[in-house]
Amino acid sequence: MKHRLIVFLFIAAPLIVTSCSGGKKAEHDHGQGSEEKKLEASAPQFEVNDDFQQQLSKVFASYVSLKEALVASDAGKVKSEASNTSQAVAGVDMKLLSGPAHNDWMSFLGPIQSSLKEIEYGQDIEAQRKAFSTLSENLYKSIKAFGLGGTEVFYDYCPMAFDNEGAYWLSDQTVIRNPYFGDAMLTCGVVKEKLQ
């Protein structure tokens with residue numbers, strides 16, 4: 001019995017370790033499989049002004065540049081991209097929303113601004129990544145609520161981020177580029193949802 005357990009562990013261990021190790025097999029299995037291609041985009045919760053969607057789309061574009069700076073593990077670039085994203089957020093006109101849509105935006109806006117400040121003034125890449133997780137969560141809620149007027153957004157998940165707590169991020173492509181690990185595990189993750 002003990003011998004069988006040792007043989008099992010010997011065979012299973014490499015599979016467990018490589019599931020999100022960034023190796024060639026993981027690259028193929030995470031983010032590029034046919035499962036993601038079948039995702040249907042969910043409709044936004046609110047019908048809002050096209051101008052608002054375009055402004056939110058600019059925030060998303062800046063966010064993608066911020067994500068890529070985290071992928072590159074470049075703390076200085078991360079700071080400057082966080083500043084650019086803050087400027088894009090400041091350009092969103094909340095007066096274009098009313099009622100429950102306005103209330104929801106206000107509930108997302110505070111955490112978005114706070115996360116961006118933490119990233120911009122963060123002293124190390126890991127602290128910036130933690131704040132990026134909160135930013136991602138609130139930007140996801142915003143895009144889910146209001147949409148981007150047809151721009152495709154992919155909601156990605158890495159189960160190993162933050163000591164296996166897991167974390168999400170947004171992307172403009174189905175290919176996984178993990179901002180929480182950078183080159184260490186670039187392709188660790190999977191597309192969970194598609195938004196527009």
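This is a predicted model: local features need pLDDT of at least 70, side-chain atom pairs count only at pLDDT 80 or more; totals for chains, interfaces and linings use all residues.
Q: Is K194 buried or exposed?
A: K194 belongs to strand β3, residues 190-195, and its side chain makes a polar contact of 3.3 Å with the side chain of E152. Buried means a relative accessible area under 20%. The value for K194 is 15%, so K194 is buried.

Q: Which residue of β2 does D156 stand opposite?
A: Strand β2 spans residues 167-171 and is joined to β1 by five bridges, the two strands running antiparallel. The residue of β2 opposite D156 is W169.

Q: Which residues of β1 are buried on the side that holds F154?
A: In a regular strand, side chains alternate between the two faces of the sheet. In β1, six of six residues are buried. One side carries V153, Y155 and Y157, and the side with F154 carries F154, D156 and C158.

Q: Are α4 and α7 roughly parallel or roughly antiparallel?
A: The axes of α4 (residues 50-71) and α7 (residues 125-146) come within 11 Å and cross at roughly 155 degrees. The contact includes F52, L56 and F60 of α4 and F132, L135 and L139 of α7. Angles over 145 degrees count as roughly antiparallel, and the two helices are therefore roughly antiparallel.

Definitions and conventions: Residues are numbered from 1 along each chain as its sequence is written. Side-chain values use heavy atoms; hydrogens and water are left out. Helices (H or I, at least four residues) and strands (E, at least two) are DSSP runs, numbered from the N terminus. Buried means under 20% relative accessible area, exposed over 50%, partly exposed in between (1.4 Å probe, protein chains only). A polar contact is a pair of N or O atoms within 3.5 Å; within protein, one must be able to donate a hydrogen and the other to accept it, and residues adjacent in sequence count only if both atoms are side-chain atoms. Two strands pair if DSSP finds at least two bridges between them. Axes are lines fitted to C-alpha atoms, for helices over the stretch in contact, and angles run from 0 to 180 degrees between N-to-C directions. Angles under 35 degrees count as roughly parallel, over 145 as roughly antiparallel, 65 to 115 as roughly perpendicular and the rest as oblique. Contact means heavy atoms within 4.5 Å.
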